[in-house]
Amino acid sequence: MSSNHGTDTTPRGPIDSSRVPRYAGPATFARLPRLDEVGTADVAVIGVPFDSGVSYRPGARFGGNAIREASRLLRPYNPAQDASPFALAQVADGGDIAVNPFNINEAVETVEAAADDLLGTGARLMTLGGDHTIALPLLRSVAKKHGPVALLHFDAHLDTWDTYFGAEYTHGTPFRRAVEEGILDTSALSHVGTRGPLYGKQDLTDDEKMGFGIVTSADVYRRGADEVADQLRQRIGDRPLYISIDIDCLDPAHAPGTGTPEAGGMTSRELLEILRGLASCNLVSADVVEVAPAYDHAEITSVAASHTAYELTTIMSRQIAAARNAEGAAQ
């Protein structure tokens, strides 16, 4: 890992909350240093303030900064995973990717190019959306580096529809495009948390043909987080994994601030426990999207999203540290 502070390779962590109150100081994710302050990072937290692909409520363009603000309460030790993620690897906030809000095609290209640059430095990405359209360019970029990747898609919806109003790039179509482009490993695709009405049964038939397995929110309720996580681990194996989380996978009681809420969703506890059960998977990058703070209450949605991103970051940091330790032992 390289940095801009001499030969010291100790990761630079968040601001000390015993010296600077959590409500003060810069509003980076978890109060971490900015990417330009550390030079390069193992995990780059990136915002994409874009919501021109939504089909109902707008406002997810403000999601990234709302998640950052809620993340002020995060602390450096994660007892659930017995890890201090910001000490194991350099995690830094890379700010936002500025995209054109009036041209979806151009925005998709901009996100892909920016992700290419960041992944080219060796970083893994923890992206804060933004609407789910951005998952497609992120997956394109990750696949350039790793080949077709396994995908875990946490969402109330399938997001494998063909078009909306003739548009190919929307927040309901990214994973159909990704399958068509060959950037997903179709032997290891899963939706988690789906529920609610569909346009027709053909939606499920088309989705199955693309290779997706489905774990509904009712499945999570009946079977429990541990059994679901075990099933997902077996499906993923050791493949490079991308996790994409639409916060509307949670019930509106746990995430009211989102664009297309559906009753009957998972609890935030269930989501976090499933993610912790995936800690052994080869997580190469992830996103948390569709936080629309204008519809939030008391930061409920943003708090859930910030903790979700924290668990994902912890998984990546642990894997980076383990790989370094193994490399050191082999030398």
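Which elements do the buried residues of α10 pack against? The legends below take up that question first, in a predicted model, and then move on to other close-ups.

**View 1. Helix α10 and its buried residues.** Helix α10 spans residues 268-276, and its buried residues are Glu270, Leu271, Leu272, Ile274 and Leu275. Their packing partners are β4, β5, α8 (217-223), α9, β7 and α11 (300-330). Helix α10 also belongs to a β-α-β unit, with β7 and β8 as the strands, and this unit is right-handed.

**View 2. The open sheet, strand by strand.** Eight strands come together here: the sheet is open, its pairing is parallel, and its order reads β2-β1-β3-β8-β7-β4-β5-β6. At the edges sit β2 (91-96) and β6 (212-216), each of which pairs on one side only. On average, and with direction ignored, neighbouring strands are turned by 15 degrees against each other.

View 3. Take a moment with β7, where 6 of the 7 residues are buried, so the strand is largely enclosed by the rest of the structure. Strand β4 is joined to β7 by 5 bridges, and the two run parallel. Here phenylalanine 154 has isoleucine 245 of β7 as its bridge partner. With β8, strand β7 pairs in the parallel sense over 7 bridges. For aspartate 246, the bridge partner in β8 is valine 289.

**View 4. Strand β3 beside β8.** Strand β3 (residues 124-129) runs parallel to strand β8 (residues 282-289), and 4 bridges join them.

View 5. Helix α9 (residues 225-236) lies across β4 (149-154), β5 (184-194), β6 and β7 (240-246). Relative to β5, helix α9 runs at about 165 degrees.

**View 6. Helices α4 and α5 packed together.** Two packed helices are described by the angle between their axes and the distance between those axes. For helix α4 (residues 104-120) and helix α5 (residues 135-146), the angle is about 35 degrees and the axes are 8 Å apart. Their crossing is right-handed. On the α4 side, the contact is made by Val108, Val111, Glu112, Ala115, Asp116 and Leu119. On the α5 side, Pro137, Leu138, Arg140, Ser141, Val142, Lys144 and Lys145 take part.

View 7. The peptide bond from glycine 129 to glycine 130 is cis, and its omega is near 10 degrees. Glycine 130 has its place in the loop between β3 and α5.

**View 8. Two non-glycine residues with positive phi.** Arginine 31, in the segment before α1 (35-38), has a positive phi of about 60 degrees although it is not a glycine. What is the relative accessible area of arginine 31? The value is 2%, and arginine 31 is buried. Glutamate 290, in the loop between β8 and α11, has a positive phi of about 70 degrees, and glutamate 290 is not a glycine. With 2% relative accessibility, glutamate 290 counts as buried.

Conventions. Residues numbered from 1 in each chain as written. Predicted model: local features only at pLDDT ≥ 70, side-chain atom pairs only at ≥ 80, totals over all residues. Heavy atoms only, no water. Axes fitted to C-alpha atoms, helices over the stretch in contact; angles between N-to-C directions. Left-handed = near helix turned anticlockwise from the far one by under 90°. Contact = heavy atoms within 4.5 Å. Pairing = 2+ DSSP bridges. Buried < 20%, exposed > 50% of the residue type's maximum accessible area, 1.4 Å probe, protein only. Right-handed = clockwise from strand over helix to strand, strands pointing away.
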